[in-house]
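Open the model in your viewer and keep the selection tool at hand. Each stop below tells you what to select and what is there.

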Amino acid sequence: MQKRDDRLAITHLGEEQSKYLNAVVPPVFMNSLHIFDSMESYAAREDEHAYVYGRVTNPTVQILEEKVAALEEGCMALAFSSGMAAASAAILAVCRAGSHIICMRDVYQPIKNILNRYFIPRMGITVSYWDGLDLNELEALIQEDTAMILLESPATFVFTVTDIKGAAEIAKAHGVKTYIDNTFCTPLYQKPLTMGIDISMHTLSKYIGGHSDIIGGILIVKDEELGKLIQDTIRELFGGILGPMEAWLAIRGLRTMHLRVEQHQQTAMIVAEYLENHPKVERVYYTGLKSHPQAELIARQQTGHTGLMSFVLKSEPEKAIKVVNQMKVFEIGCSWGGFESLALCPLIHYSSEELTFLNLKERDKGLIRIHCGLEGADVLIEDLEQALREA
């Protein structure tokens with residue numbers, strides 16, 4: 001059962017019905033501008049509750065931020081127009097030209113793309129990559145100009161799990177800021193800020209939104225000074241704030257998130273155990289399985305597992321494409337976290353060099369990643385069974 005504080009944050013926190021004609025659901029503030037009673041009140045607009053212009057703050061967005069900050073046990077949250085806008089803002093806030101970044105090898109690929117295409121050539125930033133496992137190696141990678149460590153745990157190909165508390169302690173000892181993509185676990189199943197992480201990020205299009213109808217991202221921090229820097233410099237001046245309609249939809253998604261992710265988890269556990277015992281499947285990667293090589297660490301830092309997993313067949317990698325194409329209920333798509341079940345072969349076109357970079361083998365090109373939606377475990381197993389049989 002979810003903690004009482006989490007349930008109250010999801011349902012009621014930040015919603016002052018008396019301000020909105022006692023509406024049980026807060027309105028969508030679509031206005032771009034707020035007006036003032038006098039020039040004196042306009043001049044005093046620095047009050048944190050004074051709204052001026054939608055690029056800076058918005059009442060609907062602020063309700064979402066207050067809820068997610070409470071769920072992550074941070075001091076403030078800042079919503080952005082996409083997960084990448086949020087991630088980029090975190091890097092811009094912490095790093096300077098010439099800074100050094102340590103990045104996990106299997107973080108979200110667009111993070112590596114923006115490092116390679118913008119931060120390295122345009123800002124002179126240097127990057128060292130880490131496998132996310134060996135803490136001694138992590139400490140050895142830290143340089144005098146290291147500013148930031150970029151993490152994702154669990155990462156979403158083979159679901160590598162990082163010792164979050166251990167990584168945070170090493171970073172703190174060297175004065176380095178830490179960032180983690182916490183989208184997989186949601187704020188309900190993992191709370192990185194309580195383990196020492198400085199910035200936690202969620203892609204709102206995944207479990208928080210939950211209905212595959214919004215794009216957005218959110219950063220949560222435990223240091224108010226860092227939060228104010230991100231808000232007043234990066235978000236306000238770059239203009240990446242989340243739109244009010246998207247914020248309202250994210251609030252709606254939050255209300256049922258604890259129910260949805262529990263159902264995703266229950267379904268995924270049944271599906272993972274089915275796949276693990278299937279004669280055509282060589283390996284299943286799911287953090288809920290006892291066979292996960294980091295099961296002990298997972299039990300220490302996660303309280304749940306959600307609906308995403310991957311598996312590898314015993315046959316040649318190309319057979320994976322036939323299996324995915326044969327699926328009827330699982331649809332082919334790159335995102336996850338919504339109501340629908342999805343499948344993809346994300347590594348099928350990777351070169352040997354790209355696989356080696358991720359510490360994967362040639363057989364892993366045939367990795368099939370699936371998201372278990374809300375259709376029911378029996379329905380999904382039936383679909384997987386016919387796909388594995390027919391392909």
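Select Thr-306 in the loop between helix H11 (295-301) and strand E9 (308-313). Helices (H or I, at least four residues) and strands (E, at least two) are DSSP runs, numbered from the N terminus. Phi of Thr-306 is near 55 degrees, a positive value in a residue that is not glycine. Is Thr-306 buried or exposed? Thr-306 is buried, with a relative accessible area of 0%. Buried means under 20% relative accessible area, exposed over 50%, and partly exposed in between (1.4 Å probe, protein chains only).

A word on what you are viewing. This is a predicted model, in which local features need pLDDT of at least 70 and side-chain atom pairs count only at pLDDT 80 or more, while totals for chains, interfaces and linings use all residues. Residues are numbered from 1 along each chain as its sequence is written, and side-chain values use heavy atoms, with hydrogens and water left out.

Go to Glu-73, in the loop between helix H3 (59-72) and E1. Glu-73 also has a positive phi, about 60 degrees, although it is not a glycine. Glu-73 counts as partly exposed, because its relative accessibility is 43%.

Next, pick Pro-154, in the loop between strand E4 (146-152) and helix H7 (164-173). A cis peptide bond joins Ser-153 to Pro-154. Its omega is about -5 degrees.

**The seven-strand sheet**

Now show the strands. Strands of a sheet pair through backbone hydrogen bonds, either parallel or antiparallel. Here two strands pair if DSSP finds at least two bridges between them. Colour E1-E7-E6-E5-E4-E2-E3, in that order: these seven strands form an open sheet with mixed pairing. E1 and strand E3 (126-130) stand at the edges with a single partner strand each, so one side of each is left without a neighbour in the sheet. From one strand to the next, the twist averages 20 degrees.

Zoom in on strand E1 (residues 76-80). Five of its five residues are buried. Both faces of E1 are covered: Met-76, Leu-78 and Phe-80 lie on one side, Ala-77 and Ala-79 on the other. How do E1 and strand E7 (residues 217-221) pair? They pair in the antiparallel sense, over five bridges. Check two partners in E7: Phe-80 stands opposite Gly-217, and Leu-78 has Leu-219 as its bridge partner.

Move on to strand E5 (residues 177-181). Four of its five residues are buried, so E5 is largely enclosed by the rest of the structure. E4 and E5 run parallel, joined by five bridges.

H4 lies across E1, strand E2 (100-104), E4, E5, strand E6 (199-203) and E7, and runs at about 35 degrees to E7. Axes are lines fitted to C-alpha atoms, for helices over the stretch in contact, and angles run from 0 to 180 degrees between N-to-C directions. Contact means heavy atoms within 4.5 Å.

Show helix H5 (residues 109-123) beside helix H4 (residues 83-94). Their axes come within 11 Å and cross at roughly 40 degrees. Look at the contact: on H4, pick Met-84, Ala-87, Ser-88, Ile-91 and Leu-92. On H5, pick Pro-110, Ile-111, Ile-114, Leu-115, Phe-119 and Met-123. The residues of this contact divide into ten nonpolar, one polar and no charged. Ala, Val, Leu, Ile, Met, Phe, Trp, Tyr, Cys and Pro count as nonpolar, Asp, Glu, Lys and Arg as charged, and the others, Gly among them, as polar.

H4 and H9 pack at an angle of about 115 degrees, with their axes 10 Å apart. Ala-89, Leu-92, Ala-93 and Val-94 in H4 meet Leu-226, Leu-229, Ile-230, Ile-234 and Phe-238 in H9. By class, that contact has nine nonpolar, no polar and no charged residues.

**The five-strand sheet**

Last stop: select E8-E9-E12-E11-E10. In that order, these five strands form an open sheet with mixed pairing. Strand E8 (281-285) and strand E10 (331-332) are the edge strands, and each pairs on one side only. Inside the sheet, strand E11 (residues 342-344) and strand E12 (residues 368-371) run antiparallel, joined by three bridges. Finish on Ala-343, whose bridge partner in E12 is Ile-370.
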